[in-house]
Amino acid sequence: MELRRRVGGTVDAVERSAAFAAQLEKMVRRDGLGPSRIFFSDLIDADLPANTYDLIFARWVFLFLPDPAAHIRLLARALKPGGVLAIQDYHRDTFMLVPRPEEWDDFITADRAFFASQGGNVSIGVRLPGMMEQAGLQVTGIEQTTKDGHPGS
């Protein structure tokens, strides 16, 4: 919805959750920016048209995917020449709490194991630029964002 607002018009989306897709359709009908196409499928199964998009934005998607390189190839094919694939995802090896709880190492091990059991990788962010280059894309920037908080935040 934020992309629709910034563009001032329609934005296609891929959403595999029926509940999220239904909510998205409801919000799209109310915002007055026109109908958007919603692909109800896993990303790898989305029938994205080739050479169509100026921008494809994926936020917190790739850490869940069992074959991220195949997904990048799919998205690269859907971009127009000169289009931009912007990905925001994790490099969880930097995830930390201070002071460090006694059970922190167990939590981190369980977190990595969960994503691995689903075929994903919690620190996929560091591998994505190489996969993008292998898919024929030019990596023009990498921006690191570190968040911190304080007690009570």
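Contact here means heavy atoms within 4.5 Å. On that basis, 70% of the contacts between residues at least 6 apart in sequence join residues at least 24 apart. The model is a predicted one, so to speak of local features takes a pLDDT of at least 70, side-chain atom pairs count only at pLDDT 80 or more, and totals for chains, interfaces and linings use all residues. Residues are numbered from 1 along each chain as its sequence is written, and side-chain values use heavy atoms, with hydrogens and water left out.

The protein has five helices and four strands, taken as DSSP runs numbered from the N terminus (helices H or I, at least four residues; strands E, at least two). From the N terminus on, the order is α-β-α-β-β-α-β-α-α. The C-alpha trace spans about 50 × 40 × 30 Å along its principal axes. Of the 153 residues, 28% are buried (under 20% relative accessible area, with exposed over 50% and partly exposed in between; 1.4 Å probe, protein chains only).

On the inside, the largest nonpolar core holds 24 residues, such a core being a set of buried Ala, Val, Leu, Ile, Met, Phe, Trp, Tyr and Cys residues joined through side-chain atoms within 4.5 Å. Two or more residues each come from S3, H3, S4 and helix H5 (128-134), and H3 gives the most, with five. Leu48, Ile56, Phe62, Ile72, Leu75, Leu85 and Leu137 have the most contacts inside the core. Take Leu75: neighbours within four places in sequence aside, Leu75 touches Leu43, Leu48, Ile56, Phe62 and Leu85.

Then there are the rings. Six aromatic pairs turn up in the whole structure, where rings of Phe, Tyr and Trp (its six-membered ring) pair if their centres lie within 6.5 Å; planes under 30 degrees apart are stacked, over 60 edge-to-face and the rest tilted. Trp60 and Tyr90 are stacked, because their ring centres are 5.7 Å apart and their planes at 15 degrees. Trp60 sits in the loop between strand S3 (53-59) and helix H3 (68-78), and Tyr90 in the loop between strand S4 (79-88) and helix H4 (104-117), so the pair ties together parts 30 residues apart in sequence. Trp60 is partly exposed at 36% relative accessibility, and Tyr90 is partly exposed at 30%.

Phe114 and Phe115 make an edge-to-face pair, with centres 5.3 Å apart and planes at 80 degrees. Phe115 is buried at 7%, whereas Phe114 is partly exposed at 44%.
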